[in-house]
Amino acid sequence: MLGATGWFLDNAWLIPIIPGVAFALIILIGKRLPMQGSELGVASMAASLVLSVGAAYQWIQRVDDAGGHSEAGTLGLIAGFGRSLTAAQEEGAAYVQPVIRSWTWWESGGASFGYGQHIDGLAVMMLFLVAFISLLVQIYSLEYVRGDRRYTHFFAAITLFSAGMLVMVLGENMIQVILGWEIMGLCSFLLIGHWWEDEANSTAALKAFLTVRVGDIGLLVGTSVLFFGANDWTQENLGTSGFTIQGLSAWALSGEASETVLLWGAVALFIACIGKSGQFPLHTWLPDAMAGPTPVSSLLHSSTMVVAGVFLVARLYPVFWEAFSIPDVSVNFIVVIAGITIVISALLAFVQDDIKKVLAYSTVSQLGYMMLGLGAGAWLPAVFHIFTHAFFKCCLFLCAGSVSHSGSHHSFDMKRDMGGLAKKMPITAGAWIVATLALAGVFPLSGFFSKDEIIDNVGHNGYEVFMYIALFGAFLTAGYMTRATYLTFFGEPRGAAAHASALEAAGAASGRAGASPQNDASGHVPSPGGAADPALEEGRASAGQVGVSPLEDRAVGGLSSEEDDPADPALHGELATAGLAHADHGDAEHHGPHESPKLILIPVCILAFFALTAGFTNAVAFGEDWEQFKEYVEPIAEASDLEAAGAAPRASDLEAAGAASVRSGSSILNDASSHSVSSPAPVQEEGGEEEHASGCGYTAPEEGGICFFPAVSHAEFEWSKAALSLIVVGIGLVGSWFVCVALYSKRSRSLVGLTQRLAPARWGYNFLWNKYYLDHLYEQRIIRSIAHPIARGANWVNQNVIDGVVNGLGIGGRKTGGWVYRNIDQRVVDGAVNASGAAAGGTGHALQPVQSGKVNQYGALLFGAAAVFAIVLVIVNV
Amino acid sequence: MVPVLLAASEVNVALNVAFGVLAVVMIGAALFVVTTKNVVHAALWLVIVLSGMAAQYLLAAAEFVAVSQVLVYVGAVMVLFLFGIMLTRAQIGAEGNLNNPGWALGIPVALLLLGVMGWAIIDLFGDQTIEEAPGGASTQAISDQILSPYLAPFLAITFVLLAAAIGAIVLARKD
Amino acid sequence: MFAVNFFLLAAVLFCIGVYGVIARRNAVLVLMSVELILNSVNLNLLGFSLINGNIDGHVFALYIIAVAAAEVGVGLAMVMLVYRNRRSIALDDLSEMKG
């Protein structure tokens, strides 16, 4: 009936193999290759990307075929996600069997451990995402880490890192998932500690590794618990072991699973996800992980590593669904953790000076959104948020890297070394702004379609409190991203960002006649010519438009003329705040902020494009035709025939996967409008709040039927609800911007007279003074008056409450210990210990001559004793 | 001890005779190994013991083990010993103080052990005979055993050898 | 052929080896004595193999040969190290572990 699998789907297991092989090759022969192994990494990721796109395309065809429609899909916006098709759902589409192939790896004690592939919509989406992001990041790295002393090793590790994520995504069973999970853990350690000569870096790497390991224990425990709970059932019904993803999913939904086993298994697994995905108590490693090179942070925080935890929950969703009774409650473990994470980390982002740390906390917060969505039953929006978030967060990180690479001398400190870079780096700034707006969730950009859906669905599924928390989080997101944008790209250049200007100022002040007028005219960042800029920016910003082209025009002059500015090595060394081991660029061309090279800009631009458009792959707002994700990624919660389903996993071929769906009362439609209709005949109800009466995930499947995915519900999109979140985001953006601008203009007013009065030759002094004033204002106004109290509160909670609990435990322990010491230890135990010590000492002294230190005597004792004991044994036994 | 070494009626006399000759030579050589005053001589006596051992393996119908014994012990290990002796500058001639001051302690210990073991052996196997030396274990049978039921210890041995090789290099390296 | 033949020979060699380990002062000679002990164990294993009529003993004998080779390698390397550090391989000089 459906055998429309294709080569790409059948051989999707090649996708992680290719980078794995590339890793080995890079390690072995990388150093001898013309590009030191980087070409292998890039080529392998490109090959993986091609295979993933092929797999995605064939998966779409497969879903279409399963729906009874074989019309050729038209490739749409992104990698074939643009197919417009709705008819497939009208007659209750069957559950589309994932493409599962497995081979036995080893067997032990009756349990067989396989490896294989489990390709469904989620896996296909993640494969594409990981391969795509990894490819772009590697291309970016070609330039970013050029000349690094461990260039080859960097590419080897980052390739293996992607391979680990791909292995995990493909994983057919939990063992394979653990394998990929651990590969990533190891590689993250290697990559974060890439510049291990700096002790802070190696400490951060250790911290990341160990923190994640704390959670990993949960993964092992959870896997074991679920295995022992599920194995009998899966062996009987599916013929697979209790490690398989499909087996676990079906078991969890079968209604025969023990609640206790499910609950503890799910809690243990979620602890692993807390560690990996940086959720609340274990989020501390993520900001520290910024010690690694920027491409690593970007890869880590967009599509791999931290998403692994979210992915695991999405993958084993039936387990969590049942364990936490997601459809029936209004608060559970996952959403509480996620809600705390969203707010705590968003607040912390306000007080960071390091641009990457702002992004890191932002990632933590966004991961909280994903977890919140999953915890509240909004599976699809959460998965979609993984998709969109990867693009814009990767773009943001790469922009930050671009800024530090070309604009701020490897510094990531926004307050000291950035500011005003929009003029110097227009393309980077444009991409950053697009990604920022996407992250904030502004309407047509990708973040809106995913984040708003999460918020909407969370409320729809009965988790109202968390909906408001999420809305508050959206407000904060808009706020801190605006602050970061402002500090980095607008305002006055500071530190390294203004370095060229400072040089020129020094030149002008010392009266270097020939060059100074020329330099002044060209590199005029805070020069009198530039005094008008703030006003311009202000006007543009308050009008709400973030234009790139005007900035670009203006930057041309500055850029070109700075290139031939004579370098001053001594001053350069003095002012450079880099301090990084790899700061080995030619001084001549890096003495001031300028736009990054093409290899950096191209990935950034591609990502910005996706940040702009990725949302349209599931633009619920525009009606069903746009909901490609729901159609192709979300499994259809339809009970399958037991025999067909049971045959499929082992058959490793997909003829049996047709899975004639059981036409029973439990047929569930995934319709945009009606969620989980329980009647066989679908009735289009306008998002009615009917009871979840039956269906996969609500009631046990009928005899002979088997469920692989719960019938998640979908909220009806309403512009009125979207408007609320848009307004909140808008307030956040505009409010934060106005705070910045107001302060900025105030500073200008107080400075207008000053800059007018002073000679151009002395503007350097002004600049320094301005910088100080700016910092002062930020401290006084933005942070202290708006964000600081709350953020400090969050910090306080971090420091005092959590620490307090720990300290309290410690103090309690110490007091108990003191009492025990005085009363029990000293009198009872000590007496015994002293007595036995004295006895041991006496014996020891008596036996001291035996310990002659001579091997021969020891040998004699050994053999003699053996002989004596043998005689004793013989005598006793005979 | 009467029926042990040589005389037997219903058993293969030739085998027993060969065994007895070899055993006497081996015991004598082994005694020289532990008593000679010349280190190089000790190594050469050891060669005789090990070669005799290989011959005993042949009598026990263990051809493959016997060949391995010759290759590994007589070939490799003895060369290693000789190198070790030379590199540690032992006197080639006789040496006075090869024994410990307390060497005599060894004699009672060894005799005690011999007594216990000999008694146990004769008590257990004193009247047991091996009817006929079996056709012998073919190399194929041994490889079947090694590579299927005993694969895990085999792999472990490979790691032991690897570790020993690395360890020996690290220890003996001059730096 | 009597079964005890092999075992008694092995026992005699074993005891000679034990005597060597106890009596000898030179580290290389001690190692040689250890080889005697290991060989006698091998002979024992082959004897058991004969009695039981299977070849497991052969397999273990081979393993012991391999381990003995490793042991000699490491042992001699250690002896050389000791020699380089002290110009002597007399075992009774090595008594730092004296209690």
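1. Helices (H or I, at least four residues) and strands (E, at least two) are DSSP runs, numbered from the N terminus. On that basis chain A has 32 helices and 4 strands. This is a predicted model: local features need pLDDT of at least 70, side-chain atom pairs count only at pLDDT 80 or more, and totals for chains, interfaces and linings use all residues. Residues are numbered from 1 along each chain as its sequence is written, while chains are lettered from A and ligands numbered from 1 in the order in which they are written.

2. Chain A, overall. Of its 878 residues, 57% are buried. Buried means that 20 or more other C-beta atoms lie within 10 Å of the residue's own; 12 or fewer is exposed, anything in between is partly exposed, and C-beta atoms are placed from the backbone. Take the contacts in chain A between residues at least 6 apart in sequence: 77% join residues at least 24 apart. Two residues are in contact if their C-beta atoms, placed from the backbone, lie within 7 Å.

3. Helix α6 of chain A. α6(A) covers residues 174-192, 19 residues in total. From first C-alpha to last it reaches 26 Å, close to the 27 Å expected at 1.5 Å a residue. The expected span is 1.5 Å times one less than the number of residues. α6(A) is mostly covered, with 14 of its 19 residues buried.

4. Two positive phi values. Met305(A) is not a glycine, yet its phi is about 50 degrees. Met305(A) sits in the loop between α11 (294-302) and α12 (306-315) of chain A. It is buried, with 28 other C-beta atoms within 10 Å. Ala61(B), also a residue other than glycine, has phi near 60 degrees. Its place is the loop between α2 and α3 (63-87) of chain B. Ala61(B) is buried too, with 20 other C-beta atoms within 10 Å.

5. The α2–α3 pair of chain B. The axes of α2(B) and α3(B) come within 8 Å and cross at roughly 175 degrees. Axes are lines fitted to C-alpha atoms, for helices over the stretch in contact, and angles run from 0 to 180 degrees between N-to-C directions. The two helices are therefore roughly antiparallel to each other, a term for angles over 145 degrees. The α2(B) side includes Val39(B), Leu46(B), Leu50(B) and Tyr57(B). The α3(B) side includes Glu63(B), Tyr73(B), Phe81(B) and Ile85(B). By class, this contact has 19 nonpolar, 2 polar and 1 charged residues. Ala, Val, Leu, Ile, Met, Phe, Trp, Tyr, Cys and Pro count as nonpolar, Asp, Glu, Lys and Arg as charged, and the others, Gly among them, as polar.

6. Confidence in chain B. The mean pLDDT of chain B is 82, and 84% of its residues reach 70 or more. pLDDT is the predictor's confidence in each residue, from 0 to 100. In chain B, confidence is lowest in helix α5 (residues 139-147), at a mean of 86, and highest in helix α2 (residues 39-59), at 91. Treat residues 1-8 of chain B separately: pLDDT stays under 50 there, and the model has 13 contacts beyond four places in sequence for them. Where pLDDT is low, the predicted coordinates should not be read in detail.

7. Chain C against chain B. Here 59 residues of chain C are in contact with 78 residues of chain B. On the chain C side, α1 (3-23), α2 (27-52) and α3 (56-86) each give two or more residues. α3(C) gives the most, with 21 residues. The chain C side divides into 45 nonpolar, 9 polar and 5 charged residues.

8. Chain C against chain A. This contact takes 10 residues from chain C and 10 residues from chain A. The chain C side has 5 nonpolar, 2 polar and 3 charged residues.

How values were computed
Angles under 35 degrees count as roughly parallel, over 145 as roughly antiparallel, 65 to 115 as roughly perpendicular and the rest as oblique.
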